[in-house]
Amino acid sequence: MAQLDQSQRSFCEAPPTNIRLLAPAGCGKTLCLLFRCKHLAEQAKPKRLRFLLVTFTRAAKQELSSRLDEDSGFAHLQNSIEITTLNSWGFRRIKKAAFSPRLIKKSDYHFAMRNQLKTVWRHYEPIVNAIQSKNQRIRRNAPRKLMDVIDGFKSLGFDHTRHANYDQFAQHWHQLERQGLEWRLKEQNDELAKLGILDIEEVLIESGKNGPQMVKREVYDVFFNFWLEATAHLIDSDTFTLEDQKYFAYLDERENIEQGRYLSGAASCDRVLVDEFQDINPLDLALVKAMVERNRATLTIAGDDDQAIFEWRGATPEYILNPARFFASEFHTYILGVNYRSPKNIVEHSQQLISHNLRRVPKQTNAVSSRKACIEIRETDGLIDAFEYVDEIVGRSIAQGKSPSRVAIIGRKRSQIIPYQMHFASKDMPFCAA
């Protein structure tokens, strides 16, 4: 492991226990995860260890797989490490359990709600009123939006077998609030309100101080009972959404645990490593916990609380900030401290900016590169002035023979980027929005 720096080596050679690896951008996290597996495998000889390395995107999976396949130093581990996304791992469970599973895409949601779930929603007047609304916009959007909210409740960790009465539902709701996810609950409620299924404002006005409690009760009475039946119906009919790949796998793992069917031998893994842990949602957390418990494995979570960018899908950095609280087990923390990717002043300025975050673990990152990027701060009087400045930058780039695609405009919110997209479109300037 001569190519590793001291912070990387400390993590890779740590004892086989539950570990939290905090890895700022550019610090070599991907390589470290493989070296961690290599060290543990060598220390365990002659026993052969099995590793399950979980990522959240296909791109991350491909990067890890390429490293494993192409680096001769890891050749002996190729049959010992399974690299997978949670979704693909879950879908394999579905194919084993379901007779003829059908995975539906977003484009199928309208048909699934209007037809496959009709036997369910026809018994719930508020749902019927939305799907058959006289308002054309609501009628057109209701089926797809309802499917999205059904998935949204799954991603929040609601369980149609464990939260089948109001007390269980309310308890889980309260847990989500404690995790800072009340905004995500409100987001689901707002979608139902837009469809006319809930009238949140009226409930709040009528209930006064008991408003939040009564909103919770209204969601349960008006929508959640429908959610319970719709979720069960989809599973019983072997129909699964992308979120169901994880949801069904979680239910299956938990049932096996409750029946005492733990994994052993070639079917089990000894170490579970989860990448980008700052971006998991409550359902991801529940599935990871079940996977670890059924394999009776140790867990390594890797990520960076400063890079939590998927809160829009229900993720919360709380899980990487306080893992012991959610796993009822202590985690030893290691922090990577050397940036190999960025110019020195980019690393320094980004750290100054990030240090203002209130919910974070303090870190000190040093850059290997001594190169300095050109940083210019330009205050503008408004959008028009900002547009003119961007045009100047793009024009200068073209004049220097560079591709305009090398100019990136980054905003904290999508709403800040939309005016630029409209500006580019009005001037026939090619752009890619992401």
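The model is predicted: local features need pLDDT of at least 70, side-chain atom pairs count only at pLDDT 80 or more, and totals for chains, interfaces and linings use all residues. Residues are numbered from 1 along each chain as its sequence is written, and side-chain values use heavy atoms, with hydrogens and water left out.

I found Asp306 in the loop between strand S7 (298-303) and helix H15 (318-321); helices (H or I, at least four residues) and strands (E, at least two) are DSSP runs, numbered from the N terminus. The Asp306 side chain makes a polar contact with the side chain of Arg360 at 2.8 Å. For a polar contact I take a pair of N or O atoms within 3.5 Å; within protein, one must be able to donate a hydrogen and the other to accept it, and residues adjacent in sequence count only if both atoms are side-chain atoms.

**Salt bridges.** Side chains of opposite charge can pair when their charged atoms come close. I count a salt bridge when a side-chain nitrogen of Lys or Arg is within 4 Å of a carboxyl oxygen of Asp or Glu. By this rule the count comes to 29.

I then checked Arg254, whose side chain meets that of Asp159 in a salt bridge (2.3 Å, N to O). This pair links distant parts of the chain, 95 residues apart: Arg254 is in helix H13 (residues 242-258), and Asp159 is in the loop between helix H8 (136-155) and helix H9 (166-178). Arg254 is buried at 12% relative accessible area, and Asp159 is buried at 1%; buried means under 20%, exposed over 50%, partly exposed in between (1.4 Å probe, protein chains only).

Arg254 also forms a salt bridge with Glu258 (3.3 Å, N to O). Both lie in helix H13, four residues apart, about one turn of the helix. Glu258 is partly exposed, with a relative accessible area of 49%. Elsewhere, salt bridges that share partners join Asp304, Asp305, Asp306, Arg360 and Lys363 into one network.

**Cores.** I noted that the largest nonpolar core has 81 residues, and that Phe158, Phe223 and Phe226 have the most contacts inside it. H12 gives the most to this core, with 12 residues. A nonpolar core is a set of buried Ala, Val, Leu, Ile, Met, Phe, Trp, Tyr and Cys residues joined through side-chain atoms within 4.5 Å.
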